[in-house]
Amino acid sequence: MRNGRARKAKSPVSPKIETEIEKRIIAVLVDNEPGVLARVIGLFSGRGYNIESLTVSEVDPDEALSRITVVTSGTPMILEQIKAQLGRLVPVHSISDLTREGPYVERDLALIKLVGSGEKRVEALRIADIFRARVVDAGHDHFIIEMTGRTDKLDAFIELMRPLGLIDVSRTGVVAIARGPEGL
Amino acid sequence: MASEQMTGAAMVIRALVDQGIDVIFGYPGGAVLPIYDALFGQNELRHILVRHEQGAVHAAEGYARSTGRVGAVLVTSGPGATNAVTGLTDALMDSIPVICLTGQVPTHLIGNDAFQEADTTGITRPCTKHNYLVKSIEDLPRILHEAVYVATHGRPGPVVVDLPKDVLQAKGAYVTPDKVEHRSYRPQVKAEPDRLEAAVELIAGAKRPIVYSGGGVINSGSEATRLLRKLVHLTGAPCTSTLMGLGAMPGSDPQFLGMLGMHGTYEANLAMYSCDVMINIGARFDDRVTGRLDEFSPRSTKIHIDIDPSSINKNVMVDLPIVGDVKHVLEDLIALWEARSKSLDQKALKAWWAQIDKWRGRDCLKFEQSGKVIKPQYAIQRLYELTKDRDTYITTEVGQHQMWAAQFYKLEEPNRWMTSGGLGTMGYGFPAAMGVQVAHPDSLVIDIAGESSFMMNIQELSTIAQYDLPVKVFVVNNQWMGMVRQWQELLHGERYSESYMESLPDFVKLAEAFGAVGLRADDPGELDDKIMAMIDTPKPVILDCRVEQAENCFPMIPSGAAHYEMLLGPGDKAAKPISEEGMVLV
């Protein structure tokens, strides 16, 4: 996953003839109550579905609503099952299959720590500039770069940083939202 | 009006009573002592003291399934809750509305590995429809009412409410059910009109239709049953049923083909294979029904009515999904059918029935009772003949006897058949019968049991003795885990590994030890008398019916096989070896 290629999905035991594995970004609006994340994750692990990334955060404190963005993969039949099974969870308000339902914006944020000095350091900063990444912390022998963008852009950047002293990466996973005037 | 102040424990009782619950099955312990204290000296909620928490949940399931109401359970923290897990999973798989209250250690001790602490909401998350941990007295009344709402609305299921002891002891304001509304859970009950239009057209165009009905019809209530019967009679189509759906269509109805699936009838399975339009009403294409999926009814157009969208296109892709409650969907569908004055092509239908009658002519449930040993099929057939005209409820355990009961005990009404379908829980039938008897004290309640399953919850003999519950246990005793033995014979080279039941108790003496009546039948000639004696005894009875040990349950679709590859009897055995692929399946 670090290198961005979708993990070769081991398809869940499916009665149907295998078809193409697709990747989807699914947004789920849930009650922000204890255990809700465990319900969602338990559903994926219990039924053998893939999670490529999953993020969650409260988005409406007044209504106590959280939004989960999950990137998953599977055959079309499995993906339909995933959405239906999510819909069955009592604290789930709504589900949107962003990949299928039209244009959307997706972002992933990475914090990347590099160590080193001299030429490697200069080269890393030069590439960071090209990628419009920002330096958010720096010391004599190390610095931290923040970068936001699509997953593949982050993947490419991280690959470039690897020989330049990369020692640590932290990523949010994908968050996404549909284009257009409607909300979830 | 100022809301009433009371303790959490009193609130629990009050909320259950306000929800129309009058019986709770339970077992006390430290964490739930406040509730037991509140139970003491009140008469609105009757408590039945079981001997094991698993029994409490199955009893509540039996109560729920025989009444159409929610079943209630009360257990303590830790082992009380973990013992309930099998019952909860059973209720989830079979969509039975149950509310299970579990005690919990006080909130300040949660996470401390306190005495009798278990992460109950964590453990029960995957085996309940929903669960709650109540952290403050302010949330308690809302959660209790919500729990019953969630258990009974949409596709029913078990709901756990975990109750820390300090919350039970705290005082707070009670809120009545009418003031509580779930903020988001609104299952769709009415179908979209365009789907119904499409369904009417598809059905009207059918030449070889079949109605495949399931537990969803029973769960939807008696009106749904009436409408199912109406639809079947209006169209003239044949109808088959899953194990869970038995009784919705009368077993004696000429249009009823019997149960389908692994041990279903020849005519039902071949009709499913050969139909051109399949109308699935509240069933879920379970693997026990479909057999090999790529050969499952390959030429049919499939309509699927289900309240749970996740049941649709899960195993079998369908052409017309209809999400809704069976009662509402059938009501609208029939209204539309009548408004459009639709009818089936009578010539085609006649030919279809001629074909079905040919299949029926194979008489796939045929068996021969000869000699001095009772055939298990004969035992159940006699039980059926001698009890069919009474007010009878049947529960079963799990295994061969369960399948024979499904084949030979023809049910005429819904809610009269309690069996563990999805989970296949040995030990289900006896406590379930106990729950049924509590709900219907004057009815004849019979657990058709296997001796091995019965042993799994046999401790409840003590409960039925305590409450004078005249449950009848009809033990089809072959001294084997019969279904395990059958699979070992057919699939594992007759290596009968650990499936023989050594050291069984003397069931007659065992019954007497618990204050019940024990009877034994060894001979086909005396079977009727023994069954009559069992029925006529106004006390709990165990009838130990010794049957042929080597008998196998047929017809059978071997695992991994298609509907048309059904084995009709022992002679069919060698016809086709079971594939490697099939061996993997259970």
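Over all chains, the count comes to 47 salt bridges, a salt bridge being a side-chain nitrogen of Lys or Arg within 4 Å of a carboxyl oxygen of Asp or Glu. This is a predicted model, in which local features need pLDDT of at least 70 and side-chain atom pairs count only at pLDDT 80 or more, while totals for chains, interfaces and linings use all residues. Residues are numbered from 1 along each chain as its sequence is written, chains are lettered from A and ligands numbered from 1 in the order in which they are written, and side-chain values use heavy atoms, with hydrogens and water left out.

**Salt bridges in chain B**

- B:Arg69 and B:Asp22 form a salt bridge, with their closest N and O atoms 3.6 Å apart.
- This pair links distant parts of the chain, 47 residues apart: B:Arg69 is in the loop between helix H3 (53-67) and strand S4 (71-75) of chain B, and B:Asp22 is in the loop between helix H1 (8-18) and strand S2 (23-26) of chain B. Helices (H or I, at least four residues) and strands (E, at least two) are DSSP runs, numbered from the N terminus.
- B:Arg69 counts as partly exposed because its relative accessibility is 35%, and B:Asp22 counts as partly exposed because its value is 32%. In these terms, buried means under 20% relative accessible area, exposed over 50%, and partly exposed in between (1.4 Å probe, protein chains only).
- B:Glu338 and B:Lys230 meet through their side chains in a salt bridge of 3.7 Å, N to O.
- Here too the pair links distant parts of the chain, 108 residues apart, with B:Glu338 in helix H14 (residues 326-339) of chain B and B:Lys230 in helix H11 (residues 222-235) of chain B.
- B:Glu338 is partly exposed at a relative accessible area of 40%, and B:Lys230 is partly exposed at 31%.
- A salt bridge of 2.9 Å, N to O, joins the side chains of B:Asp506 and B:Arg520.
- The two residues lie 14 residues apart in distant parts of the chain: B:Asp506 in the loop between helix H21 (482-491) and helix H22 (507-513) of chain B, and B:Arg520 in strand S19 (residues 517-521) of chain B.
- B:Asp506 has a relative accessible area of 31% and is therefore partly exposed; B:Arg520, with 23%, is also partly exposed.

**A salt-bridge network in chain A**

- A:Glu22, A:Arg24, A:Glu80, A:Lys83, A:Asp97 and A:Arg100 are joined into one network by salt bridges that share partners.

**Buried residues in chain B**

- B:His130 lies in strand S6 (residues 130-133) of chain B and is buried, since its relative accessible area is 2%.
- Apart from neighbours within four places in sequence, B:His130 is in contact (heavy atoms within 4.5 Å) with A:Glu33, A:Arg39, A:Val90 and A:Pro91, as well as with B:Val150, B:Pro158, B:Val159 and B:Val160.
- B:Gln377 is located in helix H16 (residues 376-387) of chain B and is buried, with a relative accessible area of 5%.
- Leaving aside neighbours within four places in sequence, B:Gln377 is in contact with B:Phe367, B:Trp404, B:Phe408, B:Glu551 and B:Asn552.
- The C-alpha atoms of B:Gln377 and B:Ala405 are separated by 8.1 Å, although these residues are 28 residues apart along the chain.
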